[in-house]
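The structure is shown first.

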Amino acid sequence: KSTETAMTTESGKTVKGIGYDLNNDAIFDIFSYNEEIDETTGYTRLYINVNGQWKCKWINLDEACI
């Protein structure tokens, strides 16, 4: 199950993304969001919930060549 959601970082920044509940326990197991740097560059980040702690497992830099 996936749901659009927002999470707050330890520094107080709110990020909007998609939370995924893989085992139907109403707790997100994965959170993914896109961070736009400018109109041609951004990051896609994937976090995994490990015992209540969010661990960054994947970051992808997206750049569009114009």
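## Aromatic cluster

Phe31 and Tyr33 are both buried, where buried means under 20% relative accessible area, exposed over 50%, and partly exposed in between (1.4 Å probe, protein chains only). The ring centres of Phe31 and Tyr33 lie 5.8 Å apart with planes at 35°, so this pair is tilted. Rings of Phe, Tyr and Trp (its six-membered ring) pair if their centres lie within 6.5 Å; planes under 30 degrees apart count as stacked, over 60 as edge-to-face and the rest as tilted.

In the pair of Tyr33 and Tyr47, the ring centres are 6.3 Å apart and the planes stand at 10°, so the arrangement is stacked. This pair links distant parts of the chain, since Tyr33 belongs to strand E3 and Tyr47 to strand E4, 14 residues apart. Tyr33 counts as buried because its relative accessibility is 9%. Phe31, Tyr33 and Tyr47 form one aromatic cluster, and a search of the whole structure finds 2 aromatic pairs.

## Basis of the model

The model is predicted: local features need pLDDT of at least 70, side-chain atom pairs count only at pLDDT 80 or more, and totals for chains, interfaces and linings use all residues. Residues are numbered from 1 along each chain as its sequence is written, and side-chain values use heavy atoms, with hydrogens and water left out.

## Overall architecture

The chain holds 0 helices and 5 strands, in the order β-β-β-β-β from the N terminus. Helices (H or I, at least four residues) and strands (E, at least two) are DSSP runs, numbered from the N terminus. Along its principal axes, the C-alpha trace spans about 45 × 25 × 20 Å.

Of the 66 residues in the chain, 24% are buried. The accessible surface (Shrake-Rupley method, 1.4 Å probe) comes to about 5,100 Å², with 48% belonging to carbon and sulfur atoms. Among contacts (heavy atoms within 4.5 Å) between residues at least 6 apart in sequence, 8% join residues at least 24 apart.

## Charged side chains

The chain carries 6 positive and 11 negative side chains, and the centres of the two sets lie 7 Å apart. Lys and Arg count as positive and Asp and Glu as negative; His and the chain ends are not counted. Each charge is placed at NZ of Lys, CZ of Arg, CG of Asp or CD of Glu.

The structure has 2 salt bridges, each defined as a side-chain nitrogen of Lys or Arg within 4 Å of a carboxyl oxygen of Asp or Glu. One of them joins Lys13 and Glu35 (3.9 Å, N to O). Lys13 lies in the loop between E1 and strand E2 (14–20) and Glu35 in strand E3 (residues 30–38), so the pair ties together parts that are 22 residues apart in sequence. A salt bridge also forms between Arg45 and Glu35 (3.0 Å, N to O). Arg45 is in strand E4 (residues 41–50) and Glu35 in strand E3, 10 residues apart. Through shared partners, Lys13, Glu35 and Arg45 are joined into one network. Arg45 and Glu35 are both buried, whereas Lys13 is partly exposed at 44% relative accessibility.

## Surroundings of Thr5

Thr5 is located in strand E1 (residues 2–8) and is partly exposed, with a relative accessible area of 22%. Beyond its neighbours within four places in sequence, the contacts of Thr5 include Val15, Ile18, Phe28 and Phe31. Thr5 and Asn23 are 18 residues apart in sequence and 18 Å apart in space, C-alpha to C-alpha.
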